[in-house]
Amino acid sequence: MDYFTPISAIIGGLLIGVAATLMLWTHGRITGISGIVSGVLIPNNTGKVWRTCFLAGLVLGPVGYIAISGQGLTIVTQASPLLSVVAGLAVGFGTRLGSGCTSGHGICGIARLSKRSFLATAVFIVTAMITVYITQHAMGGS
Amino acid sequence: MDDTSSVLHEKVNTKALVWVFLSGLLFGLGLTISGMINPAKVIGFLDITGNWDPSLALVMASGLAVTVPGFHFILKQKRPLFEARFFLPGKADIDLQLVSGAVLFGIGWGLAGLCPGPALAGITSLDSSVLSFVAAMLAGMLLHYFLLESRD
């Protein structure tokens, strides 16, 4: 399994955990990306300033990585732009309906021992695995 | 010196904002180094019947290795460093919205290999699929707001 990258996965995961812990420690907020983004989008909402600051950091983090490492971003997309639009709509609507995504439920909610987050995380991981099975194998993929 | 000022009619604590920005920066760096920013890597993790790549399970496990003890300790404090109180989700009960939202999110995540954090972190790549995904994700969030939240 030469595609298995445990060291970088662990370093990256630790950084994500430190980021979410810093946010709670200093600002008392949950680092849920879908909640932070929609908080900026939704009209007449307060707290747009701190959310925008977080998002600026999120977008600049990879830019910093490129600057320091001298390597480009590895982003390989299989989905066509059209399929990406369908997926994006489902993710945008679904994360609002379900009150969170991988970060808010998976990293922060589980750390708060929230039973809603345990369930949501299990449901979206299993659903995503079934979706990938259908698109990669059942529908004539490799 | 008073470090509270007003931006866009909002009271903001500039000292806290520096930490919030730093948190975003570390989060984006973590998504990049871990490989989660790459949809092909995410699909490799979700593809358990194919050439399964367990890397992203380690991303989640090591993230939780920090947040589980970290949150436990922090939530025992009276308040965060730069705010008067903690802002935590209020809902405790499992409902149909939670489950159906998670199902919809899972379908979208599996179709594109993108969830909100990595998609936003990846926009500077200008990849057309990432940009289409992000635009549609924002539209989906607004759609949810106007259909289900904006009416009282």
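What percentage of the 142 residues of chain A count as buried? The share is 55%, where buried means under 20% relative accessible area, exposed over 50% and partly exposed in between (1.4 Å probe, protein chains only). The structure is a predicted model, in which local features need pLDDT of at least 70, side-chain atom pairs count only at pLDDT 80 or more, and totals for chains, interfaces and linings use all residues. Residues are numbered from 1 along each chain as its sequence is written, chains are lettered from A and ligands numbered from 1 in the order in which they are written, and side-chain values use heavy atoms, with hydrogens and water left out.

**View 1. Chain A has six helices and zero strands.** Its pattern along the sequence is α-α-α-α-α-α. Helices (H or I, at least four residues) and strands (E, at least two) are DSSP runs, numbered from the N terminus. Along the principal axes, the C-alpha atoms of chain A fill a box of roughly 50 × 40 × 30 Å. The accessible surface of chain A is about 5,800 Å², with 70% of it on carbon and sulfur atoms; areas come from the Shrake-Rupley method with a 1.4 Å probe, and for residues only the protein chains shown count as cover.

**View 2. The largest pocket holds about 860 Å³ of space.** A pocket is an open set of points on a 1 Å grid over the protein atoms alone, with protein on both sides within 12 Å along at least five of seven lines; a cavity is a set where a 1.4 Å probe fits but cannot get out, and lining residues have an atom within 4 Å of a point. Points are joined across faces, edges and corners, and a volume is the space filled by probe spheres set on them. The pocket lining has 31 residues, with A:Gly35, A:Arg51, A:Arg96, A:Ser99 and B:Pro89 nearest the centre. H2(A) gives the largest share, five residues. By class, the pocket lining has eight nonpolar, 16 polar and seven charged residues. Here Ala, Val, Leu, Ile, Met, Phe, Trp, Tyr, Cys and Pro are nonpolar, Asp, Glu, Lys and Arg charged, and the others, Gly among them, polar.

**View 3. One cavity of 30 Å³ or more is found.** The largest cavity holds about 210 Å³. Of its 17 lining residues, A:Thr102, A:Ile107, B:Met36, B:Val59 and B:Met60 are the closest to the centre. H5 of chain A and helices H1 (14–34), H3 and H5 (116–121) of chain B each supply at least two lining residues. The cavity lining has 14 nonpolar, three polar and no charged residues.

**View 4. A:Arg29 and B:Glu83 form a salt bridge.** Their closest N and O atoms are 3.4 Å apart; a salt bridge needs a side-chain nitrogen of Lys or Arg within 4 Å of a carboxyl oxygen of Asp or Glu. A:Arg29 sits in the loop between H1 (6–27) and H2 of chain A, and B:Glu83 in the loop between H3 (55–74) and H4 (96–112) of chain B, so the pair joins two chains. A:Arg29 is buried at 14% relative accessibility. B:Glu83 is buried at 19%.

**View 5. B:Asp95 and A:Arg116 meet in a salt bridge.** The N to O distance is 3.6 Å. This pair crosses between chains, from the loop between H3 and H4 of chain B to helix H6 of chain A. B:Asp95 is partly exposed at 25% relative accessibility, while A:Arg116 is buried at 5%.
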